[in-house]
Every structure is written in C-alpha cells, then in structure tokens.
Amino acid sequence: VIGFFLGLSRIFLRNNYTLLFISLLQGQLSILQEKIDHLERLLAENNEIISNIRDSVINLSESVKDGQKNPEAVNFGQGSVSDLFPSASVLLAVDSEDCLFASKSGSHSSGVQMLDVYDILPFDNPDGGVWKQGFDITYNEDEWDSEPLQVFVVPHSHNDPGWLKTFDDYFRDQTQHILNNMVIKLQEDNRRKFIWSEISYFSKWWDGIDSQKRDAVKRLIKDGQFEIVTGGWVMPDEASSHYFALIDQLIEGHQWLEKNLGVKPKSGWAIDPFGHSPTMAYLLKRTGFSKMLIQRVHYSVKKHFATQKTLEFFWRQNWDLGSSTDILCHMMPFYSYDIPHTCGPDPKICCQFDFKRLPGGRISCPWRVPPEAIHAGNVQHRAWIILDQYRKKSKLFRTKILLAPLGDDFRYTESSEWDQQYQNYQKLFDYMNSRPEWHVKAQFGTLSDYFEALLKESNLGEKSSNSLFPVLSGDFFTYADRDHHYWSGYFTSRPFYKRLDRVLESYIRAAEILYSLALVQSSKFEKMSVFPSVDNYKLLTEARRNLGLFQHHDAITGTAKDWVVVDYGTRYLLIHNPTEQERFSVVSVNVNSPRVKLLSPLGKPVTVQISAVWDGATTVSHEAYQMSFVAHLPPLGIGVYQLLEDESSEAVLADYNIYVRNSRQEKPDKVFKIKEMQHSVDNIILENAYMKLWLSGMSGLLEKINTKEDDKNHQMKVEFAWYGTTSNRDKSGAYLFLPDGDAKPYIFTDPPTIRVAHGTIFSEVVCFFHHVTHTMRLYKVQGLEGQSLEVSNIVDIRGEYNRELAMRISSDINSQNRFYSDLNGYQIQPRLTMSKLPLQANIYPMTTMAYIQDVGVRLTLHSAQSLGVASLKNGQLEVIMDRRLMQDDNRGLGQGVQDNKITANVFRLLLERRHGTDVNEEKAPVSFPSLLSHMTSLFLNHPVIPMTTNADSGVPELIRTFSPLMSSMPCDMHIVNLRTIQAKVDTKPSDEAALILHRKGFDCKFSNRDTGLLCSTTQGKIKVHKLFSKFRVESLTPTSLSLMHSPPDARNISEINMSSMEINTFRIRLR
C-alpha cells in the first residue's frame, strides 16, 4: 500500500503567495517498496496509488517587487540560538475554569461501571449445559399471552476486506456474487430483508454495475428491504486504531453513501472486532446514530449481563457529566455471530436451522444433527423447536422483541443459499404466525426494524422511560471467547505495520490540511491551471481509502526510517509543522559533509550538532553525517532553512565513548573524537536542565532519574524480558496470548556494546543487544522536548521460536495494582491488575499512552505505535514489542506469526510531579493526562516533516515562513483534520472542507512551571475570524461528525464553543 507516501516533498513558498504542493516523498518509495511486500499482498488494491503526482510543481508566482519583506517572517526564526528558546519559568496560562472538568468528571455514577463488574465477577467457568458458558434457561408457556413475542430474523453476510485472501480475491470469488444475488433475490419477495456494512466492498461492486441494477438497489433501500448498517469503509478494529483513522473511515463511507445512494445509516453493527471500545460508541453517537450492536465480549461478562438482563443498555462515556453521550447498545449474548449461536442458547439445535448446511452441501453441523428442509409434514414440529429457542433467548432481555441474526462470514454467495434460507424460514414464519395460541409474530427484518420495534415497545420516544435500560460506562477489553483464551496477542502482532499505520496517519493528515489550504490559495490567485487539484484529490481519496482499509479488524497489524542524504550545492530545507502549536523541535537530517552551515528563515546562523552515521555498533560511515538543530516553526506552517557547505563551519561535533569487550583506548577517526573503554561498575550520566539520568556502565540501561525541579531521585529501571508459550495443546498465535508463566529476564552472557554520544543538542546511550538495539536519548533543549526521555528500540526476533519480547520499566511509584491506558488516542481508561485473572487477561491495548501514579508522581509511557501494555507488579509498566509464533491459535487464520520484520518502536518517558491530589481520586472511573502529556503525545505522533529542494532547481525565490494560523490554537484544542469535501458529482473537490476539532480533557494537578508550552486555554472558545491569518473564513457551520446531518438551526457561526472531550465537525469555506 504504501506505494504512496503522500508526501509533501516540496512545498514552495514565494513572497505572500503560498505555493503548496503535494507530491511523493521521494526516495521513501523505493526502500519502502522492498520492505512492504507483505502489505502489498495484504492490501493488493493499493499498488500504484500516487504515481503521477511526483513531478508536478505548482508555480504560483506573482510579480511582487523583489526584496519586499514578508511581515510575518518577523515573528519566526529571529535572532540567534540563545533567544530561540522560550524564556525560562514561563507560567502556563490555564484558566482555572478549564480545570473544573477533570475534577468533576467521574463523580456521577453510571448504573453499571465495568470496573465494578470486573471486581465482583469470579471469572470461573462452570459448564452451563447446552449453553456451555451460560446457564439453563426456563420459561412458562403463558408468558406471552398478554403480549406476543416479536421475532426479527436479520439476514447478514460478514465480509472481511482482506483476511485469509486479499480484498480483491474475496471480491472476485465471493462478495460480488453475494451482492448480485441480493438484488435478484430480494426482488422476488418483498418480505425478504438483508443488511450490509462494509462500504469498501460495496463501492467496488457499485462501480461495476449498470444503472438498472443501481436503480433496483435504491428501490430496495427505499422500501426498507435492504439496509446499510454503520456504513464505514470497513468494520474497524477498536483496540489498535487511532480515533483519527476511525473518524476518517466513517467519513469516507458516509460521504460515499450520500453521494452515490443518498443514504444515511442509522445504526451501528460491529459483530467481529475483538473487544469493544467506548470511543467507537462516542464516535457513532456524534455521527447521529442512536443505536448500536456489539458481539465479541468476554464470556463471563455476557453471562453476568444475561443474568441481570443488562444486555441492552445505554452506553455512556466515563467522563460525561450528563447523559449527552448515551447510545442504546445491544450486546449479542452467545459465543459467536454465526447461525448456531444466534437463534438461541443451544447451538446443536440452532445449527439445524442454518439451511446452507442441508445434507449434500459443502458444510455440515459439527453437532452431527443436520437441518431438515421444511415441508407440510414437519413444519409444526420444526417451528415449535425453533420457537423454543427464540423464547429462551428472549428471557435474557427486558422486552418481548427479539433479534435473531442469520448469517456468517461471506454467506449468501450462491443463489441456492438465498433460496435455502429464505424459503425455509418463510415457511416457518408463516406457520408460527398462523397459530394464535403460540403468541408469536416472526418475520425477516433489518437492524432498524428491530430497534424501531424495541423503542416503540419501551416507549423510548418519551424521555421518562430511560429507566427500562440501564446506563453503562467503561469498555470491553480484554476479550476472551473461551477458557483462558484471551485475545491480548493481537494488541502487538505485526508491530511493523502498527508503526507504519501511525506514520501514514500523520502524513495523510498533513497532506489533507496542506491540500485544503493550497486549493484555496490557488483559486484565490487564479492559479488553478498550475495546481493539479483534481488529480491530487483523486490521489488523496485513494490514500484515505487505503488507510481506511488498514483499520479493518484483521489488518491494522506496522516503520523503518529511510533517508535521503542531502548532497552538495545550496539546499533549502523546508520544515513543515503538522501540529496546530508553535513549536521548537529538534530536526535531524543526513548531509554528506560535516562542514555545514545552516541559516534560519531570517538568514541568521543556527547552532547545529553533527553526529556520526554508524555502520554497525562501532564503525563510523563517512558517506553521511547527521545534522541536528532546533527548528522554530509556526503552527501548521513551514519554515525555510538554508543549508550551505562551509569550510569554516562552526558546527559542534558530538563525541563518543564506546564500551566494548576488548577496547583500544583512542580510536582514531578523521572527524570525531571517539574513546573506547571497558565496561564499568560506574554509571553513565546524561543530563539536561530538567533531569539527570544514571545508566548502568555494564548494560547501558537506565537505573535512576533525578528531577531537578524538586531534586528528587526516582528509581527507574529499564529491562527486557521474554515470554514463552504454554506446553498445552492451545498455544499463542496471531490473536491469543497464552504464556508459559511469568516473563523470564533477558539474559546476556557478554555485556552489550554501549555507545555514548555527548552533544550540544542531544546526548544518548545506545546499547547493542542480540535482539534489540536500545536507545535512550535526552534532548538538551528548553521546553517540551527536553522534559521527556526519548526511548527507541529496534527489535529483531526473526530467529526466535515461540517467544515474545517485552520492555519493562520498574519504578518506586506506589501504583497499587492500578494503571491507566488510553483507548484509541482519545480517552484514558483506568485498569486494575487482578490476581484472580490469568496473566494474559491483565494485558490491555495501548494506542498512544499508558501511565502509573501515586499521590506524588505520574510516570507516562508515550507510544508512537499501538502495542499491548501491562502493569503486573507495583510500580511497573511493561510493553510487548514483538512476538514470533510458530503455530495457528485456532481462530481461523490458519497460520502463526512468522513474517517478522526488523521493527522500530518509539516511545517517550515523562515523569511529572502531582500536587493537590486526594486519595478518592485514585478510585475514580476516569483520569486525564496533563496538558504537557497531551502535547508530548501530539509531538511524538506528529513529528515535523523535513523536505529538501535544490537552490538551483528553477524554483522562484522562497519566502522564509508560511504561517496559515494567526497563533497557536488553545492548548486543549486539536485540529483532527481539515479535509476537503468532494463535489456532488465527479471525483472533483468542492469549495468546502470539513474542519474537525477535538477539545481534550486534561488534569491540572501538575506543575505548570517551565512546561515550555506556547499556548493557553480559553474555555473551549475560539473566535472564527481569529483562526487563519492567510485566509478569510467565508462560512463556518456545525454538522455531525461524518457530515451526514446538519442541525436544524445550523447557521454560520462566528465563535466556536466546545465542551471538554467533545469532537466537532464544521463545514468551512475559506477564501
């Protein structure tokens, strides 16, 4: 897929006119192509996505007098390095009212809090009889006399966009036939119904059918026979995916539906993600849904909910102070979404009503009793048997309305299967409905048919009746489908692609925003002829869809740093800041000479550090050098730095100490000072203005941190550990984690080679172990980047056999079995490590961060990729970095995980002092990062993007900076995206964009001094006319998250006003 790195390879700027231009990050392509052969098989669709964009250049030059100063450049890049940094001891301007949200949050109680449910459940696994994981269900036959049972049988086909086959192969062999038959078979009888969810497949099919078929589909939708549920590009994973990508694939699907079918989905349908996140519930609510369905939840939780009749509930966000986030959720009660597990509690019986399994077919019932075709001779008996199942299932719910899904993976492919299911079920329905004394009305239905009947029955139209269904808060991780089979392996499986996904998200977001601005700019100066807006929009659409495909629950499963060496000749270094915050960030690029001079956008020399590029652990390569400097960049803007070769360069060279077994003291090198030494019991020390680190002179690993603000020492040991897999028949695989007990320490017989670098911009310690190269880097800069430690691991376990490698951080923090992990980069979910659960159940998904804390300090591990995380002992945090497993775990994949690649994991470790905390707070069901923590995560996941261009490439003279925003956004406001909306016809862009904003919830009880944040908070208010500096906002109107609905009073607004944690979408027109 990543045939496309939506690049911003040269964004040219001249005088006041922005020449924005989106093309490929050259050089990335060839190297990536080799590495990503696996992904290309996985998502075969995406081969040559963005090819023709490479060489186009927008030449938006206007004849403006040379030498005219750009007034905006003055604010940026001024002066020399000393005043390049924010001055010390700046107190962060946070309005005290903005602190109330976090302190009030979580004080109200939900009816059902998942943390409490986990507390009371024994997690035993007794044999429940025919419903193995449940209990025996009984009923009295007269229970339906006053109010009959209404049964909705909902036919569906679950189509994975790539799992055992590629997307294209599935489409060719199965999906297209399912949809073609749907059009024919639903038209044969208007009582027939069918639902569909994945738009990636549906759009591919739609593109290939004639207008007659299209009209038939629209008719079936209008008549309520065919329904699109959820309507996202895919049915996304809910553990590893980031909310940026979840929203993006929802918009892609919903925009496609509106344009091609004029359809707006109403309900969510998520039967296959392995565990469920409240983030998804929130996003669906924001798109305008009021109902949703989930299926894969821990069997003990399902059983508990069945006994309490709480399988249908209002799912409310933990942080919600009212009830505005409530969405009605139906949880399927049994083991699977297949037919044996959806008609009722007894799979042996339900299987006999899956008529695809009639004798003589390709599949049969494992319980060895086949279905019988329905005819006059057996209809009474068969109808009674299945009615018994329906009645039993309905006893688990609070109303007399019953949902019975009828489908499975890639079902309804052949015309004959449509006949088998629909004809036999219609006979059963007709018979049941003809027996008044049975008190049942059975029929085919869509998901909406079911929910509408449910709401009618429970009078949910009237506000008072919310009491029928309980309110629930919390999440549904970690999933187990049977025994101790916890699905915590997939939180880490294929980490290469999980990292790649995050890099891609950052690039696509940057490309989206720059494209939107470029489009406005080029139309403003009537330069559309040189800006290939339509071609670029097609590529952008392609990129969105590939990213969307990747969020599918079988896909988001890995990046390597590739570089272009900047060679002779004057070069311009264009550095793009993809965040909405002004920032001082360390930028490193490779150059071909150590004698370089760098000029800031105002032409002043910038301090640079030259580091060696190494060939292995101890050999310097003189083909390239790494140049690092601090760039000062405007929000969403670009700074243009000039790079010259200069014999009298004042660049500061890093010097090196290398700990090796047989050292030769001085190691002569023509450029760098390199000292070889023996391993030592003395510590290696790194320090900057904020902290001092002690690392072991034997292993090179971190042992202790001193925070200078309060001069406190904190024990902080980093170590590695191996997990094996059980010797039982069931072993770990792509989904399951089934370890053979606690992790064993990573043992090395010889101490590793340790390379210590000291420089002016950063110092670092690199340890070379057999399976991992571990780097601990400390930036010597004021502000945000100096306040946390950069930790990176390059992991290579390609030679291992059934092993998983973890990094563990052990501290003296008294965390008391509590830790906190984020859900989808959107919210924090408190976690309890429980001794009554097996080790693998105490591993949770981490998308961007996890932390532990006590009353005095909080330690956050920020992550640039999704991985599994745990806190198995007091004061510990551990993250599983890669896994190599030689066998399938019997969940259908049919293979282990053996395609491991060398994988880079990147983290930041942030230690913060807490104050004013009380003990009750530690028990709250909700928690928030600090502003510093939010910003650290933002900068880690959206690094600045450096690009180079030759001075003599015929480009018009570049201006020094491009600042599209008037100033930094408020600290707690994040621009999720600025996404150009497609025109109503063609694949052209319209003149509107979707501006998606997220106001983050944050905890104020942290030190506000010296945070280095260059922003303040404003109670969630932003004056629209003060947003952009280069552009005028012509209109800004609120809309639902995925642009489907406009509020009835939607009008142009002049002030944005958002509550904490809210994500809002606006339609924006810029001029």
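## Close-up views of a predicted model

**View 1. Helix 7 and the residue that follows it.** In this predicted model, helix 7 (residues 211-222) is followed by Gly 224, which has a positive phi, near 80 degrees. The helix comprises 12 residues, and its first and last C-alpha atoms lie 16 Å apart, close to the 16 Å expected at 1.5 Å a residue. Its buried residues are Ala 216, Val 217, Leu 220 and Ile 221. Viewed down the axis of helix 7, these residues fall within an arc of 135 degrees, so they line one face of the helix. That buried side packs against helix 5 (167-187), helix 6 (199-207) and strand 6 (226-228). The face turned away from it carries Ser 211, Gln 212 and Lys 222, which are exposed.

View 2. Ile 294 has Met 331 of strand 10 as its bridge partner. In general, strands of a sheet pair through backbone hydrogen bonds, either parallel or antiparallel.

**View 3. The surroundings of Trp 694.** Trp 694 belongs to strand 24 (residues 691-695). With a relative accessible area of 14%, Trp 694 counts as buried because this value is under 20%. Beyond its neighbours within four places in sequence, Trp 694 is in contact with Asn 683, Ile 684 and Ile 685, with the run Leu 702, Glu 703, Lys 704, Ile 705 and Asn 706, and with Asn 713. One of these residues, Lys 704, is 10 residues from Trp 694 along the chain, and the C-alpha atoms of the two are separated by 5.2 Å.

View 4. Strand 43 (residues 973-982) is mostly covered, with 10 of its 10 residues buried. Strand 43 runs antiparallel to strand 44 (residues 989-999), and 8 bridges join the two.

Notes: Residues numbered from 1 in each chain as written. Predicted model: local features only at pLDDT ≥ 70, side-chain atom pairs only at ≥ 80, totals over all residues. Heavy atoms only, no water. Helix = DSSP H or I, 4+ residues; strand = E, 2+ residues; numbered from the N terminus. Buried < 20%, exposed > 50% of the residue type's maximum accessible area, 1.4 Å probe, protein only. Contact = heavy atoms within 4.5 Å. Pairing = 2+ DSSP bridges. Expected span 1.5 Å × (residues − 1). Arc of directions from axis to C-beta.
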